[in-house]
Amino acid sequence: MKTTSSHGLHGTSLCTPYLLLVPLGLLAVLLVLPSLGSSNARSDGLGVLCGGAGADGYSVSSGADESKASAPPPRRAEEFSLLVGVLTMPNRRERRDIVRMAYALQPPAPPGVARVDVRFVFCSVTDPVEAALVAVEARRHGDILVLNCTENMNDGKTHAYLSSVPRLFASAPYDYVMKTDDDTYLRVAALAEELRGKPRDDVYLGHGFAVGDDPMPFMHGMGYVVSWDVARWVSTNEEILRHNDTHGPEDLLVGKWLNIGGKGRNRYSLKPRMYDLNWFMDNFRPDTIAVHMLKDNRRWAAAFRYFNVTAGIKPSDLYRLP
């Protein structure tokens, strides 16, 4: 994958004070979205949006020196855009570093096909130590999204994500929004090829489950995609909150919301190309789109080996001095 520098906080005089002086737990803060094209900061009721240089292909920050930020390049005309939100927790820094490498070392989507932005998603960071470390991480990598919710897995975080994104990015909407986990290895180019021929509206795509006579009432929580209009509908649907329908298994609940609302009617299951890794780690597939349950470094290493991420790296390369 070609990596592009986010150029950090381009226009840091506007954005940095929010990062350093305002408790992260009080804001839904989006830090450094390279794809927006220009430096900006705004308050929109959810927090502060700080933009950097324009993205070219996959937006995976290389952590370049922000003081040397250049003018954003002209935006290319891609067929579609995708926001990938990796739900994670503040104390999983090592995992995020592994996931960043996993995205940065992938081959890109074919030129002109897709603009894919990857962001790590937290709820409010209330612990002062974690808040300081997340602030430094955000300053270094520029790929952090902090929502105004209490950290959780199945107590409303996915709803907070899907309902916040359409408002945070109202001026520069994506075609698709994805929710995935930090134990999922997503092969973005393969996903982009799948999305390429799909509709841009009313889409719900992932590893579909069959329940009774319904072939696909919900998608596995390892990762699923909705089109922008579906995310916007979640954002504006007060019935979900009125009925307190955000508590429980998040993948089941998203399917429930869409089924009740008659949304996501263009449904696509990518099973078996999206799957859980088994105990023996022997069920990798060459046509993988996403593999889930990479719960430890041993499993991530196995995935990197299988998909040739480490091909060509010699032991001598690891110890070579400049």
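1. In strand E5, Ala 114, Val 116, Val 118, Phe 120 and Phe 122 point one way, while Arg 115, Asp 117, Arg 119 and Val 121 point the other way, and all are buried. Here, buried means under 20% relative accessible area, exposed over 50%, and partly exposed in between (1.4 Å probe, protein chains only). Helices (H or I, at least four residues) and strands (E, at least two) are DSSP runs, numbered from the N terminus. In a regular strand the side chains alternate between the two faces of the sheet.

2. The model is predicted: local features need pLDDT of at least 70, side-chain atom pairs count only at pLDDT 80 or more, and totals for chains, interfaces and linings use all residues. Residues are numbered from 1 along each chain as its sequence is written, and side-chain values use heavy atoms, with hydrogens and water left out.

3. Strand E5 covers residues 114-122, and because nine of its nine residues are buried, E5 is largely enclosed by the rest of the structure. E4 and E5 run parallel and are joined by eight bridges; two strands pair if DSSP finds at least two bridges between them. One of these links has Val 118 in E5 as the bridge partner of Val 84.

4. Glu 78 lies in the loop between strand E3 (48-51) and strand E4 (80-87). Its relative accessible area is 16%, so Glu 78 is buried. Leaving aside residues up to four places away in sequence, Glu 78 touches Gly 112, Val 113, Ala 114 and Arg 115, where contact means heavy atoms within 4.5 Å.

5. Helix H4 (residues 157-168) and helix H6 (residues 228-236) have axes that come within 8 Å and cross at roughly 110 degrees. H4 is therefore roughly perpendicular to H6. Axes are lines fitted to C-alpha atoms, for helices over the stretch in contact, and angles run from 0 to 180 degrees between N-to-C directions. Angles under 35 degrees count as roughly parallel, over 145 as roughly antiparallel, 65 to 115 as roughly perpendicular and the rest as oblique.

6. At this contact, His 159, Leu 162, Ser 163, Val 165, Pro 166 and Arg 167 of H4 meet Trp 228, Ala 231, Arg 232, Val 234 and Ser 235 of H6.

7. Both helices are mostly covered. In H4, eleven of twelve residues are buried, and in H6, seven of nine. The buried residues of H6 include Trp 228, Val 230 and Trp 233. Besides H4, the buried residues of H6 pack against partners that include strand E10 (214-227) and helix H8 (250-261).
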